[in-house]
Amino acid sequence: MRGVNRVMLIGNLGKDPDVQYLEGNIAVAKFSLATTETYKDRTGKLISQTEWHTVVLWRGLAELAQKYLHKGSLVYIEGRLRTRSWEDKEGNKKFATEVVGDNLIMLDKRNDVHGQGFNGGPGEGLEGFTGADAPPESNPDLPF
């Protein structure tokens with residue numbers, strides 16, 4: 001029987017994406033994403049609990065993140081969990097679990113794009129692009 005490794009997150013970027021280029025000009029973006037759950041305790045007091053996730057995007061999605069995302073951006077990320085391990089300078093084994101994104105939807109409302117007064121609702125504009133089908137750099141049909 002096969003397993004399932006899927007993650008779906010909606011949250012805000014904790015910092016601007018850090019984009020690096022590997023050999024062969026392959027872009028890799030990394031950023032922190034905060035997801036907040038709010039609930040009421042027994043007394044009716046509102047409690048917020050924030051979880052921080054490390055997100056990694058590759059190729060076209062990494063370039064898209066570099067161009068359009070910034071600290072505070074609201075995004076939907078879909079991908080899979082990946083855990084890496086390494087040894088630090090003292091020989092201690094370290095682990096990091098990351099979300100490797102393969103789908104990105106920008107959820108920020110855009111009030112004005114190139115003076116056209118574009119009011120995009122959640123998910124409007126650049127949505128549902130994967131690393132393989134991200135838009136080309138200059139496409140006159142796109143609203144930005």
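Here is a short chat about the predicted model shown above.

Visitor: What elements does the protein chain run through from the N terminus on?
Guide: The secondary structure comes to one helix and six strands. Read from the N terminus, the order of the elements is β-β-β-β-α-β-β.

Visitor: What share of the 144 residues is buried?
Guide: Let's take the surface first: the accessible area of the protein chain is about 9800 Å², and 48% of that belongs to carbon and sulfur atoms. Buried here is a matter of relative accessible area, with the cut-off at under 20%. Of the 144 residues in the protein chain, the buried share is 33%.

Visitor: Among contacts between residues at least 6 apart in sequence, what percentage joins residues at least 24 apart?
Guide: A contact here takes heavy atoms within 4.5 Å. Look at the pairs in the protein chain that are at least 6 apart in sequence, then keep those at least 24 apart, and you get 56%.

Visitor: Which element gives the largest share of the largest nonpolar core?
Guide: That core has 21 residues, and Phe-31, Leu-33, Leu-57, Leu-69, Ile-77 and Leu-104 touch the most other members. At least two residues each come from β1 (7-13), β3 (26-40), β4 (46-58), α1 (59-68), β5 (74-87) and β6 (93-106). The largest share is five residues, and the element supplying them is α1.

Visitor: Which residues does Phe-31 touch, not counting those up to four places away in sequence?
Guide: Phe-31 is one of the core residues that touch the most other members. Its contacts include Lys-15, Asp-16, Pro-17, His-53 and Thr-54. Also among them are Leu-13, Val-55, Leu-57, Leu-69 and Ile-77.

Visitor: Which strands do the buried residues of α1 pack against?
Guide: The buried positions in α1 are Gly-60, Leu-61, Ala-62, Leu-64, Ala-65 and Tyr-68. In general, an α-helix has 3.6 residues a turn, so residues three or four places apart point the same way. The buried residues of α1 pack against β2 (18-22), β3, β4 and β6.

Visitor: How many bridges join β3 to β4?
Guide: Let's walk through the partners of β3. Two bridges join β1 to β3 in an antiparallel arrangement, with Asn-12 opposite Ala-34. Five bridges join β2 to β3, also running antiparallel, and there Leu-22 stands opposite Ile-26. For β3 and β4, antiparallel as well, the number of bridges is 13.

Visitor: Which residue in the hairpin of β3 and β4 takes a positive phi near 90 degrees?
Guide: On the strands themselves, Glu-37 has Gln-49 in β4 as its bridge partner. The hairpin has five residues between the strands, and the one with a positive phi near 90 degrees is Gly-44.

Visitor: Where is Asn-25 found, and is Asn-25 buried or exposed?
Guide: β2 and β3 form a hairpin with three residues between them, and Gly-24 in the turn has a positive phi of about 90 degrees. Asn-25 is not a glycine, yet its phi is also positive, near 60 degrees. Most residues other than glycine have a negative phi. Asn-25 is found in the loop between β2 and β3, and at a relative accessible area of 58% it counts as exposed.

Visitor: What is the relative accessibility of Arg-59?
Guide: Arg-59 lies in helix α1. Its phi is near 50 degrees, a positive value in a residue other than glycine. Exposed would take over 50% and buried under 20%. Arg-59 counts as partly exposed because its relative accessibility is 47%.

Visitor: How far apart in space are Trp-52 and Asn-12, C-alpha to C-alpha?
Guide: Trp-52 lies in strand β4, and counts as exposed because its relative accessibility is 55%. Leaving aside neighbours within four places in sequence, Trp-52 is in contact with Gly-14, Ser-32, Leu-33 and Ala-34. Ala-34 is also the residue of β3 that Asn-12 stands opposite. Trp-52 and Asn-12 are 40 residues apart in sequence, and in space the C-alpha to C-alpha distance is 9.7 Å.

How values were computed
Residues numbered from 1 in each chain as written. Predicted model: local features only at pLDDT ≥ 70, side-chain atom pairs only at ≥ 80, totals over all residues. Heavy atoms only, no water. Core = buried A, V, L, I, M, F, W, Y, C linked by side-chain atoms within 4.5 Å. Buried < 20%, exposed > 50% of the residue type's maximum accessible area, 1.4 Å probe, protein only. Helix = DSSP H or I, 4+ residues; strand = E, 2+ residues; numbered from the N terminus. Pairing = 2+ DSSP bridges. Areas by Shrake-Rupley, 256 points an atom, 1.4 Å probe, with all protein chains shown as cover.
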